[in-house]
Amino acid sequence: MTAILLVAVGVLLVTTAPRVLSALPGLRRSPRAALLLWQTTALAGTVCVIAAGPVAAISIWPLDRRGIDVAAALVALVASAQCLSLILVNGHLVGTTLRSARRRHRALLRLVGDDHRDGRLTIVEHHTPTAYCVPGRRRRVVLSTATLSELPEDELDAVLAHERAHLGERHDLLLEYFTVAHRSAPRWLRSDRALSEVRLLIEVLADRAARQRTGDVPLARALVRLAGSRTPEAMLGAADEAHVAARMDLLATRPASAWHAAGVYTLVVLVGLLPAGVLALTM
C-alpha cells in the first residue's frame, strides 16, 4: 500500500504538477520562491518513485510470503533502480555535454575575443548587439562591439548586472538540474512547457538583480535593443527571444508583496514534506 501510494504521488509530482505550475503565471512575480517550488516538486517526485522499491521490499521482509506480493515488490525494486539509473546517466550526459560545449566556446573566444583587464569580460567584434555569459570555472561575460557602441551606459550596466547575476548565483546549475529531471522522465510524460517556464523564471531572477541596480527603464530598453540576438549553445543570454515579451510584462507589473512569496514558500514546505507524509500515514 505504501509503495503504491509513493509511486502515485511521485508520478503526479513528476507529470501533473509541472503542467499545473507552468499554467500559473502569477508565480513569476516571486521568481526565487517559484524556482524553489519547482525544485522541490521535482525532488519530492523523484524521492517518492525511488523510495517505492525499497519500501515494497521492506514490506514483504522476511520473505515469508509468496505470490503476487513478492512479484509486486520485485517490480517496484526494478522500477526504482531503473529510475535512479536514468537520473545518474542523464546527469552525466547532460553535465559532460554542457561542459564540453563551454570548453570549446572558451577556446573560440581566446581566438576571436579581446579580454578585459579584469579577466571576466570578453569583447567580440560583431555588428549585432549581443550579450551572454559563459558559466563555469572560467566564467565570463561576453559582449559584442555593437553592444558597446549602441547601448548607453545605464543600459549597459543593466545588461552586465543581468549576466553577472547569472554567474554569481550559478543559474547554470539550476538549469542543469531541471534539464536532467526533464530528460529522466519518460518522453510521453515530460512537458517541454515546464522546462521553458523554468528558463523564464531564471531570466526573471537575473532581471530582478538588474532592475535593482539600474531601474526598470534601462533594463527594458536594453532588452528591446538585444531582442533577436542569438545565444550560443550551453550559455545564458540576456535576451532570450522566446521570453522577452513575458519579461517585459513583468517589468511593467508591480512587484509582488512579501505575502505572495510567503505563500509560495509555504507550498514549498508542504510539497517537500509529501514523501515523509506518505510514509508516516501508511507505515
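Predicted model: local features only at pLDDT ≥ 70, side-chain atom pairs only at ≥ 80, totals over all residues.
Where does R170 lie?

1. R170 is located in the loop between α5 and α6. Although R170 is not a glycine, its phi is positive, at about 50 degrees. The residue counts as partly exposed, because its relative accessibility is 32%.

2. A positive phi is also found at A234, again not a glycine, with a value of about 75 degrees. A234 belongs to the loop between α8 and β5 (236-237). A234 is classed as buried, since its relative accessibility is 14% and the limit for that class is under 20%.

3. Helix α5 (residues 153-168) packs against helix α8 (residues 216-226) with an axis separation of 8 Å and an angle of about 85 degrees. The two helices are therefore roughly perpendicular, as the range for that description is 65 to 115 degrees. On the α5 side the contact is formed by D154, E155, A158 and V159; α8 contributes P218, L219, R221, A222, R225 and L226. By class, the residues of this contact comprise six nonpolar and four charged, with no polar ones.

4. The largest nonpolar core has 49 residues, and those touching the most other members are L35, L37, W38, L143, V159 and F178. V159 is also one of the α5 residues in the contact with α8. Helix α2 (residues 31-60) gives the most to this core, namely ten residues. A second, separate core consists of eleven residues, including V94, L98, Y132 and V134.

5. Leaving aside residues up to four places away in sequence, W38 touches P18, L21, S22, F178, A194, E197, V198 and L201. Among these partners, F178 is likewise listed with W38 as one of the core residues that touch the most other members.

6. One aromatic pair is counted in the model. Y177 and F178 form this pair in an edge-to-face arrangement, with 5.2 Å from centre to centre and 80 degrees between the planes. F178 is buried because its relative accessible area is 6%, whereas Y177 counts as partly exposed because its relative accessibility is 30%.

7. H182 is placed in helix α6 (residues 171-184). With a relative accessibility of 13%, H182 is therefore counted as buried. Beyond residues up to four places away in sequence, H182 is in contact with R190, S191, D192 and L195.

Key. Residues numbered from 1 in each chain as written. Heavy atoms only, no water. Helix = DSSP H or I, 4+ residues; strand = E, 2+ residues; numbered from the N terminus. Buried < 20%, exposed > 50% of the residue type's maximum accessible area, 1.4 Å probe, protein only. Contact = heavy atoms within 4.5 Å. Phe/Tyr/Trp six-rings, centres within 6.5 Å; stacked < 30°, edge-to-face > 60°. Axes fitted to C-alpha atoms, helices over the stretch in contact; angles between N-to-C directions. Parallel < 35°, antiparallel > 145°, perpendicular 65-115°, else oblique. Nonpolar A, V, L, I, M, F, W, Y, C, P; charged D, E, K, R; others polar. Core = buried A, V, L, I, M, F, W, Y, C linked by side-chain atoms within 4.5 Å.
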